[in-house]
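The following exercises concern one protein chain. Each task is followed by a solution in steps.

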Amino acid sequence: MRWRLVWAVLAGAAAELAGVGLIAAAAWLITRAAEQPPLAALSVAIVAVRAFATSRGVFRYAERLTGHDVALRAQAGTREDLYASLIPPQSPRHGGADLLSRMVDDTEAVQDLLVRCLLPAAAALITAVAAVTIGLTIFPPAALVLLAGLAIAGALLPAATAAGARRWAARIAPARADLAARTADLVHGAADLAASGAGDRALRSALDADAALAALERRQSRVHASALAFGVLTQGLTVAAIVLLAQGAGVGSVGTAVLALMSLVAFEPVLPLAAAGERLTGILAAVRRLREVRATPPAVTEPAHPAPLPSAPLTVEVRDLVVRHAAPPAVTAPATTTATATATGAGDAPHPEPATPAAAVDGVSLALTPGKRVALVGPSGAGKSTLLAALMRLVEPESGTITVNGADVRDLGSDDVRTLMTGLTQDPYVFQTTLRANLQLAGPGKSEEALEAAVRQAKLQTWVRSVGWEAELGEDARTVSGGQLQRLALARALLYDPPVLLLDEPAEALDEQTADELMADLLDATHGRTTLLVTHRLRGLEQVDEILVLEHGRVIQRGTHRELVERPGYYRDLWESEMLTRR
Ligand SMILES: Nc1ncnc2c1ncn2[C@@H]1O[C@H](COP(=O)(O)OP(=O)(O)OP(=O)(O)O)[C@@H](O)[C@H]1O
C-alpha cells in the first residue's frame, strides 16, 4: 500500500509539473518566436512542448489509476475491519440506519481522504516548490510573490474553509443521521404507521428533517463557493503583481511571459485544496464515527487461551447468576438544538449520570443434567431471555458462574459455547435467500431427511410443500408470516441439534390450536434432549422435569407442574386463567 501511495503521489506531481513545464516552454516558444530567431534556436523548445504535452496525459492516467487503486483498497480494508468488528456481539450494538450510513457513507469518506485530500495536497506541494524554484532562477522577487500567493491559496484558505466547514459538519452529520433514521422508519414501519394513522405525521417529520438538512447544506455550499472565488481572486492578483513587478524591473517580455503563465498554471493543483480542506472536516468526522464502531467493546470478554470444549453428555450448572444490562445511552438532542446549545455554551452543562438499572437476572441457580428439560416461565421482563443470552455468551454476567461439565464458560471461546448451547432466539431473522438455504444455515452438510424431519417437527411441512424448498424469502420477511417465521427458526434450531437446546418462546405468534400442536410436538421432539424452554403457555409442561418461575430476575417458585399447581402463587394463577380461557 505504501509504495502504491508513493507512486500515486509521484505520478500526480509529475502530471502537474509537466503542465507547468508545458506552459513555461510554450510561453517561451511563442514570445521568442515573435522575435523571429533562426528555427534551430527554437527546436529544443518545440521538442519540450511536445514532450510535456504527451507526458502530462500519461502521468495523469498513471496517477488516476494508482490513486484510485490505493483508495479503493483502503476503502475495502476499512469495510473489512468494520465487518470484523461487528461479528462478535457488541454491547451496546450499533444498528439500523445509523450503522448503514456508517458502513456506506463513512467508508467512502476514507476513499475521499486519499483521492481528494492527501494525493492532491502532495502533488500541489511538489508543483508549488518546482514553480517557485523556476521563478527564483528567472526573477527572485516574482518567485517570492508567487510563494505568498500559493501559501494563501494552498494553506491559509484550506485551513479557513476547514474551520468554517467544521461548524457545519458538526450539525450536518446528526441532521443527516436524523433524516436517514426517519426515512428508515417510514419504509420499514410503513404498515404500522398506516395502521395507527400516524403516516402523515411521520412523513411530515421526515420532510422537516429533510428541509433542515437542505438548509444546512445550502449554507455550507455558500462557504464553499466563496472559498473557490477567493482562491481564483488570489490567483489573479498574484499573476498581476508578478507581471507588474517583472515589467517594472525590466525582466523582458520572454521572462515576464514565462513567469506569468507558469504562475497561472502553478495555481491549478493548489486551488482545489480549498474544497479539500472543507471536505477534510467531514472525512475526519466519518473516520471518528468508524473508529467508534470499531472501538465498541464486545459484549463478553474472550479468554486469551480458550480451554478445550467439554464433550457430551453435558451438565450445565448456573450458580447465583446476576446479569445487569448497561443503562440505555442518553437520548441526544435533535441536531438544531445541539448546535444552538453549543453556540450559547448551554451544551457544556453536565449530563445527569444515568441510574444503574436493576439486575435483569438476580441470583438464579439451576442445573441442566443430560436429558433434563427445564421450563422458564414468568411475566414479561422477568429476565428469561437474558438468562438464555448469558448461557449463549451474548451478555457478560455481573457475578455468579455458568459451568459446563465443571468448566467455567468464561474460560471457553464464546463461539465454542454457542456450539454447545444454542437454539431459538427471541427475534429470529429470515435471510434473503431460498427456504432451503435459510434452513441449511444451521447445518450445511445435513441430509435431505434431516431437513424434512426438522420441518416436520416444527410443523412447517404444509407450508414448505406449498411454496417449495427453492422459494425466495424476503429480507424483511414480508413473504413469511409471523408464525411461519417462528417455526422456520425453530426448524433451524432443531436441525442444528446442539447438545443443550435453548428455546425462547417457540409458540409465540401462533394461533391457539397450532401453538398447542407445536408445543406437543416440541415436547415429543425434545424428549431425552437437554432443553431449556422459555414459554408463556403452561399446557404440556407436566412433561418437563423442572419449572422455574422468574419475577424481577429472581426465582420465585420452582418445582414440577404437579407441585406448582398445588401451591398458591403465580404459576397456579396463570394455570387457572389459562384453563379458564380455554373453556
Ligand atoms: N439489551 C438490553 N439492554 C438493556 N436492558 C435490557 C436489554 N435486554 C433486556 N433488557 C431489560 O432486562 C429486563 C429483562 O428482559 P428480558 O428480555 O430478559 O425479559 P423476558 O422475561 O425475556 O421478557 P419477555 O417475556 O417479554 O420476552 C427487562 O427489564 C428489559 O427491559
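**Exercise 1. The largest nonpolar core**

Which residues touch the most other members in the largest nonpolar core of this predicted model?

*Solution.* Step 1: the largest nonpolar core holds 76 residues, and A24, L146, M262 and A266 touch the most other members. Step 2: at least two residues of this core come from each of α1 (2–33), α2 (43–86), α3 (96–138), α4 (140–188), α6 (199–248), α7 and α8 (273–295). Step 3: another core, of 63 residues, lies apart from it; V316, L368, L376 and L494 are among its residues. Step 4: take A266 and leave out residues up to four places away in sequence; its contacts are then V20, T127, A128, A131, L146 and L150.

**Exercise 2. The surroundings of V258**

Determine whether V258 is buried or exposed, and list what V258 touches.

*Solution.* Step 1: V258 belongs to helix α7, which covers residues 253–266. Step 2: a residue counts as buried if 20 or more other C-beta atoms lie within 10 Å of its own. Step 3: V258 has 26 other C-beta atoms within 10 Å and is therefore buried. Step 4: with residues up to four places away in sequence not counted, V258 touches A24, A27, W28 and I138. Step 5: I134 is 124 residues from V258 in sequence, yet their C-alpha atoms are 9.8 Å apart in space.

**Exercise 3. The two sides of helix α16**

Which residues of α16 are buried, and which are exposed on the other side?

*Solution.* Step 1: helix α16 comprises the 14 residues 512–525. From its first C-alpha to its last, α16 reaches 20 Å, close to the 20 Å expected at 1.5 Å a residue. Step 2: the buried residues in α16 are A515, L518, M519 and L522. These residues lie on the same side of α16 because they cover an arc of only 100 degrees around the axis. Step 3: an α-helix has 3.6 residues a turn, so residues three or four places apart point the same way. Step 4: Q513 and D524 are exposed on the other side of α16.

**Exercise 4. The ligand shell**

Identify the residues that surround the ligand and sort them by class.

*Solution.* Step 1: the residues around the ligand are H325, A360, G378, S380, G381, A382, G383, K384, S385, T386 and Q426. Step 2: by class, this shell has two nonpolar, eight polar and one charged residues.

**Exercise 5. The chain as a whole**

How many helices and strands are there in the chain, and what percentage of its residues is buried?

*Solution.* Step 1: the chain has 18 helices and ten strands. Step 2: of its 583 residues, 36% are buried. Step 3: among contacts between residues at least 6 apart in sequence, 81% join residues at least 24 apart.

Notes: Residues numbered from 1 in each chain as written. Predicted model: local features only at pLDDT ≥ 70, side-chain atom pairs only at ≥ 80, totals over all residues. Near = placed C-beta within 6 Å. Nonpolar A, V, L, I, M, F, W, Y, C, P; charged D, E, K, R; others polar. Helix = DSSP H or I, 4+ residues; strand = E, 2+ residues; numbered from the N terminus. Buried ≥ 20, exposed ≤ 12 C-beta atoms within 10 Å, placed from the backbone. Contact = placed C-beta atoms within 7 Å. Expected span 1.5 Å × (residues − 1). Arc of directions from axis to C-beta. Core = buried A, V, L, I, M, F, W, Y, C linked by C-beta atoms within 7 Å.
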